Amino acid sequence: IALLLTATSTSSPVRYLAKLSSVGSISEEETCEKLKGLIQRQVQICKRNVEVMDSVRRGAQLAIDECQYQFRNRRWNCSTLDTLPVFGKVVTQGTREAAFVYAISSAGVAFAVTRACSSGELEKCGCDRSVHGVSPEGFQWSGCSDNIAYGVAFSQTFVDVRERSKGSSSSRALMNLHNNEAGRKAILNNMRVECKCHGVSGSCEVKTCWKAMPPFRKVGNVLKEKFDGATEVEQRKIGSTKVLVPKNSQFKPHTDEDLVYLDSSPDFCEHDMKNGVLGTTGRHCNKTSKAIDGCELMCCGRGFHTEEVEVVDRCSCKFHWCCYVKCKQCRKVVEMHTCR
Ligand SMILES: *[C@@H]1O[C@H](CO)[C@@H](O)[C@H](O)[C@H]1NC(C)=O
Ligand SMILES: *[C@@H]1O[C@H](CO)[C@@H](O)[C@H](O)[C@H]1NC(C)=O
């Protein structure tokens, strides 16, 4: 993977996350040394937390999958093809896309570590037992709530150390740290209460509940909305501290939950390897849509090919007594459009 091998000054967490997600299971201290893309401080954290590293790997994969899902219909599709720079240079620049990738990655790590705590996989952490007893609503807390505090703290330590070690005063480090935190907030602010009923035939005489993380899809949806409404910022010195403020002073200041970016994005239309842009040639598009997935916008006005392809579907399904469903296989021809 090109970008993984060329050490650049602007390091991206995505690069090592992509790398981490592709290694086998991490169970030995020596593995930490072999993980390319980690900075020295991360190797140390890795060695002290070997049992947690497998969750970091899972979190990285979760983040990549969710990014590709959220951007499946957009010109930039969060691609991680092996022969291409991971996520492209767009992510090493301070763009809106970079903001999303940093946020979803730090959220993925917090999420997967928390999951591992609750499921009893780790020695260092377990359920959050601080919520217990009977609630004002009259249900019983189970005593095994998701330990989001542990997952968030681990993500802050492991993911943020990259920015902190470079001296967190550059505008890019400030941007990354802000978006890392916004990613974790997308979990924290969407925690929910889940319950289970006990009693004769589900009568719910006794209800036990626990605090649970939202599904990761929900985290992705929240962050995608933040991506659409991201704030363009610039660095300003207030007293002796540097902060990021909206570039357009008419905009209301961003909150901890919002995504921020420094550089505007390219249009992602044309193939441009130098900047890690794949271009949209060969992408599927929707002929009738006026949105970004529509052929007009997706193909950047270059036009598109139309092909007829045969798809096989299940159809005229009948319910048979008792109890199965039998379907026919129907072939139908659909039009498929791809960008020139
Ligand atoms: C992303 O787009 C490129 C072409 O621009 C395509 O080759 C690739 O398969 C797409 N990736 C995903 C995950 O859809
Ligand atoms: C194409 O876009 C139209 C209009 O937005 C939508 O109704 C339709 O479901 C889309 N088709 C596909 C295959 O996504």
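Guide: What follows is a set of questions about terms, each answered by setting a value against a definition.

Visitor: How do you know what kind of model this is, and how is it numbered?
Guide: This is a predicted model, in which local features need pLDDT of at least 70 and side-chain atom pairs count only at pLDDT 80 or more, while totals for chains, interfaces and linings use all residues. Residues are numbered from 1 along each chain as its sequence is written, chains are lettered from A and ligands numbered from 1 in the order in which they are written, and side-chain values use heavy atoms, with hydrogens and water left out.

Visitor: What makes up the chain in terms of helices and strands?
Guide: The chain has ten helices and nine strands. Both are DSSP runs numbered from the N terminus: helices are H or I with at least four residues, strands are E with at least two.

Visitor: Why is Asn49 called buried?
Guide: Buried means under 20% relative accessible area, exposed means over 50%, and partly exposed is in between (1.4 Å probe, protein chains only). Asn49 has a relative accessible area of 9%, so Asn49 is buried. This residue is in the loop between H4 and helix H5 (50–70). Across the chain, 44% of the 340 residues are buried.

Visitor: What does Asn49 touch?
Guide: Leaving out residues up to four places away in sequence, Asn49 touches Lys124 and Phe154. Contact means heavy atoms within 4.5 Å. Of the contacts in the chain with a separation of 6 or more, 63% are between residues 24 or more positions apart.

Visitor: Why is His305 called partly exposed?
Guide: His305 has a relative accessible area of 39%, and is therefore partly exposed. His305 is in strand S8 (residues 304–320). With neighbours within four places in sequence set aside, His305 is in contact with Met336, His337, Thr338, Cys339 and Arg340. Between the C-alpha atoms of His305 and His284 there are 9.5 Å in space, and the two are 21 residues apart in sequence.

Visitor: What makes the pair Lys47 and Glu33 a salt bridge?
Guide: A salt bridge is a side-chain nitrogen of Lys or Arg within 4 Å of a carboxyl oxygen of Asp or Glu. For Lys47 and Glu33 the N to O distance is 2.5 Å, and their side chains meet in a salt bridge. This pair links distant parts of the chain, with Lys47 in helix H4 (residues 40–48) and Glu33 in helix H3 (residues 29–34), 14 residues apart. Lys47 is at 31% relative accessibility, so Lys47 counts as partly exposed. Glu33 is at 49%, so Glu33 is partly exposed.

Visitor: Why can such side chains pair at all?
Guide: Side chains of opposite charge can pair when their charged atoms come close.

Visitor: Which part of the chain holds Asp258, and which holds Lys226?
Guide: The side chains of Asp258 and Lys226 meet in a salt bridge at 3.2 Å, N to O. The pair links distant parts of the chain: Asp258 is in the loop between strand S5 (241–246) and strand S6 (260–261), and Lys226 is in helix H9 (residues 216–228), 32 residues away. Asp258 has a relative accessible area of 17%, so Asp258 is buried.

Visitor: How many salt bridges does a search of the whole structure find?
Guide: The search finds 16 salt bridges.

Visitor: How do you know that Asn77 makes a polar contact with ligand 1?
Guide: A polar contact is a pair of N or O atoms within 3.5 Å; within protein, one must be able to donate a hydrogen and the other to accept it, and residues adjacent in sequence count only if both atoms are side-chain atoms. A polar side-chain atom of Asn77 is 2.3 Å from an oxygen atom of ligand 1. A polar backbone atom of Gly279 is 2.8 Å from an oxygen atom of ligand 1. Taken alone, ligand 1 exposes 370 Å², and the protein buries 60% of that. Accessible areas come from the Shrake-Rupley method with a 1.4 Å probe; for residues, only the protein chains shown count as cover.
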